[in-house]
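Biologist: I am new to this structure. Could we go through it together, beginning with the core?

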Amino acid sequence: MRFILSLMLVAGLVAGVSPALGDDFSPPPWRGTSGSSWAQWEFNTAGQPIANPPNSGFYPAPDGGVLPYGTPTAQAHPGAGQSWQNSWDGRKGVWPLSGEIFIWMPNRPITNDYKDIQIQLTWQPQAVGNVPVVGFSLNQFDPYTWMTEESRDPVGNWFHSIYKLRVHPNPTSEWLLITGGINVDEVVVDTICVPEPATLGLLTIGGLALLRRRLGA
């Protein structure tokens, strides 16, 4: 009985560390593996006020996630005359843009060959034809990056989109940008820093050589 109770307690603690929130419909298969992290913002509050530009909000931590390399932050800057909405079209906590949302993500401190990033975005257009623009902020990286919108699925009057990005090599951190004439309800960011298979092979060969030397000694 004590063993069963202990297992239940551990399961409860694990669930409390990284609960599934909101529209986290499509976690990547590598979530939770070595080198990965994830963060989720539901924007259920207006965040901490930012004086300039007006009506902006700062989020010093996400609403959930697993953060082994530091705490990500988010800043929401709405367009002129817009501000955070407590509720909007059936959703709680919505940022109307035509401004920007900036997300800063810290990374694994060890340099790896590349980093994959997946962004889940719950949004709706403010006008017919408006779509999100998602990518890296401030032209941080060279052309060895890609971004694709993998899917766009309706969720009531909203859309759930998945974007995937890659950068070579993985940086110490990055600023992600979400902009466009849209309303944003939720953002989920997953990242993983990955050695290339060739690099893994070299590491394995190097490890075996070192082991042989030690055994020979």
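Modeller: Of the 27 residues in the largest nonpolar core, the ones that touch the most other members are Trp-41, Phe-43, Ile-103, Ile-119, Leu-121, Val-187 and Val-189. A nonpolar core is a set of buried Ala, Val, Leu, Ile, Met, Phe, Trp, Tyr and Cys residues joined through side-chain atoms within 4.5 Å. Buried means under 20% relative accessible area, exposed over 50%, and partly exposed in between, with a 1.4 Å probe and protein chains only.

Biologist: Which strands each supply at least two residues of this core?

Modeller: They are β1 (36–41), β5 (73–77), β8 (100–106), β9 (114–125), β10 (133–136), β12 (158–167), β13 (173–179) and β14 (182–194). Strands are DSSP runs (E, at least two residues), numbered from the N terminus.

Biologist: What kind of model is this, and how are residues numbered?

Modeller: The model is predicted: local features need pLDDT of at least 70, side-chain atom pairs count only at pLDDT 80 or more, and totals for chains, interfaces and linings use all residues. Residues are numbered from 1 along each chain as its sequence is written, and side-chain values use heavy atoms, with hydrogens and water left out.

Biologist: Back to β5. Which strands does β5 pair with?

Modeller: β5 pairs with strand β3 (residues 56–59) in the antiparallel sense over three bridges, and five bridges join β5 to β8, also antiparallel. Two strands pair if DSSP finds at least two bridges between them. Gln-75 in β5 is the bridge partner of Phe-58, while His-77 is partnered by Glu-100 in β8. Four of the five residues of β5 are buried.

Biologist: How many aromatic pairs are there?

Modeller: A search of the whole structure finds three. In one of them, the ring centres of Phe-43 and Tyr-59 are 5.2 Å apart and the planes are at 70°, so the pair is edge-to-face. Rings of Phe, Tyr and Trp (its six-membered ring) pair if their centres lie within 6.5 Å; planes under 30 degrees apart count as stacked, over 60 as edge-to-face and the rest as tilted.

Biologist: Where do Phe-43 and Tyr-59 lie?

Modeller: Phe-43 is in the loop between β1 and β2 (48–50) and Tyr-59 is in strand β3, so the pair ties together parts 16 residues apart in sequence. Phe-43 is buried, at 1% relative accessible area, and Tyr-59 is buried at 6%.

Biologist: And Thr-179: buried or exposed?

Modeller: Thr-179, in strand β13, counts as buried because its relative accessibility is 18%. A polar atom of its side chain lies 2.6 Å from the backbone oxygen of Gly-99.

Definitions and conventions
Polar contact = N/O pair within 3.5 Å; in protein donor to acceptor, adjacent residues only side chain to side chain.
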